[in-house]
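Subject: Structure handover and notes

Hello,

Please find the structure below. My notes on it follow.

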Amino acid sequence: MLAPELPDGRIVLRIGSVPVGGVSDEWLARLLEGPTPFAMRDGAIELVPRIDSFAGRSAALAEWAEQSRDRWSLPGWRDERMVIRDETDGQPIASIERALLRPLGLLLHSVQACAYTVTAAGPLLWVARRSDAKPVDPNLLDALVAGGISGFDDAASTLVRECAEEAGIPAELARRSSPAGMLELSYPTVYDGLAATHRERVALNDLELPPHFVPEPTDGEHAAIEAMTPTEALASIEAGGWTRDGAQATADLILRKGWMPARTAVHRMR
């Protein structure tokens, strides 16, 4: 089986015979601090002993997660279980607390919607500013709606839920979204002061909202929601201050819709 795409210096994490993530030297030291269900084998860190069931593996990881929470701060703990899957065939392997995805280099499956409104004056993009209380990417600009796919939820139901929770978008509007491809992310980051890895597979969606509808922050995830022209959005992306996935998805939407300002298009061709 192929190992996940990881930054340099990461040690592959396996559950059973399946490579599912990767850890830095600093997190490796934490994983090996007893009592622990992990051990080094053949140059990789493994969950041991090998457990044959999803429930058994999940229970072992849950016990270790609670012990780790007692030992270290583990900021951003959510009490939210994410499913670890075999990346070759999608089969579920175990579940784990979401806060531990980055330390273990595990893949986050998520959904995102770039929302826009077409007006007589031209298109407007609805852009969210993340709350400064968010444990990941606080106060950055982002696509209007984004969220991790928890447990055995699917992308469609997650998107409908996140639309309602984050922007007050009713289900009948959220279901009008259309798939816009997948975005793969893998880059080094820091978690709890130690080197970690963010890996994410984002199901992208376009969502056209009617001119009479104005999305509003509803659950505290967003500090504010604002409307930007494509020119304004591209300028803000170039200036920085966006999440990586939000910036890529928003720029891609503008390009696909043919909303690229003429001067920017000429600049890109040179």
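In which strand is Tyr 187 found? Tyr 187 is in strand E11, residues 178-191; helices (H or I, at least four residues) and strands (E, at least two) are DSSP runs, numbered from the N terminus. Before the rest, some ground rules. This is a predicted model, in which local features need pLDDT of at least 70 and side-chain atom pairs count only at pLDDT 80 or more, while totals for chains, interfaces and linings use all residues. Residues are numbered from 1 along each chain as its sequence is written, and side-chain values use heavy atoms, with hydrogens and water left out.

Tyr 187 and other charge-ring contacts

Tyr 187 is buried, with a relative accessible area of 11%. Buried means under 20% relative accessible area, exposed over 50%, and partly exposed in between (1.4 Å probe, protein chains only). Over the ring of Tyr 187 sits the charged end of Arg 244, 3.8 Å from the ring centre. The criterion for this is NZ of Lys or CZ of Arg within 6 Å of the ring centre and within 35 degrees of the ring normal. The charged end of Arg 30 likewise sits over the ring of Trp 27, at 4.7 Å from its centre. The C-alpha atoms of Tyr 187 and Ala 235 are separated by 24 Å, and the two residues are 48 apart along the chain.

Aromatic pairs

How many aromatic pairs does a search of the whole structure find? The search finds five. Rings of Phe, Tyr and Trp (its six-membered ring) pair if their centres lie within 6.5 Å; planes under 30 degrees apart count as stacked, over 60 as edge-to-face and the rest as tilted. Phe 38 and Trp 64 form an edge-to-face pair, with 5.1 Å from centre to centre and 85 degrees between the planes. This pair links distant parts of the chain, since Phe 38 is in strand E3 (residues 38-41) and Trp 64 is in helix H2, 26 residues apart. Both Phe 38 and Trp 64 are buried.

The pair of Tyr 116 and Trp 259 has ring centres 5.2 Å apart and planes at 70 degrees, so this pair is edge-to-face. Tyr 116 lies in strand E7 (residues 107-119) and Trp 259 in the loop between helix H7 (244-256) and helix H8 (262-269), so the pair ties together parts that are 143 residues apart in sequence. Tyr 116 is buried at 6% relative accessible area, and Trp 259 counts as buried at 18%. Ring pairs also link Trp 27, Trp 72 and Tyr 191 into a cluster.

Helix H2

Helix H2 covers residues 54-71; at 1.5 Å a residue its 18 residues should span 26 Å, and its end C-alpha atoms are 26 Å apart, which agrees. The expected span is 1.5 Å times one less than the number of residues. The buried residues of H2 are Arg 57, Ser 58, Ala 60, Leu 61, Trp 64, Ala 65 and Ser 68. They cover an arc of only 160 degrees around the axis, which puts them on the same side of H2; the arc is that of the directions from the helix axis to the C-beta atoms. On the other side of H2, the exposed residues are Ala 55, Glu 63 and Asp 70.

E3 and strand E4 (residues 44-47) run antiparallel and are joined by four bridges; two strands pair if DSSP finds at least two bridges between them. Met 40 has Ile 45 in E4 as its bridge partner. The hairpin of E3 and E4 has two residues between the strands, and Asp 42 in the turn has a positive phi of about 55 degrees.

Strand E5 (residues 81-85) pairs with E6 in the antiparallel sense over five bridges, and Val 83 stands opposite Ser 95 in E6. Six residues lie between E5 and E6 in this hairpin, where Gly 90 in the turn has a positive phi of about 80 degrees. Strand E6 (residues 92-97) is mostly covered, with five of its six residues buried.

Cysteines

How many disulfides does a search of the whole structure find? The search finds zero, a disulfide being a pair of cysteine sulfur atoms within 2.5 Å. Cys 114 is in no disulfide, and the nearest cysteine sulfur, that of Cys 163, is 11 Å away. Cys 114 counts as buried at 6% relative accessibility, and Cys 163 counts as buried at 0%.

Regards
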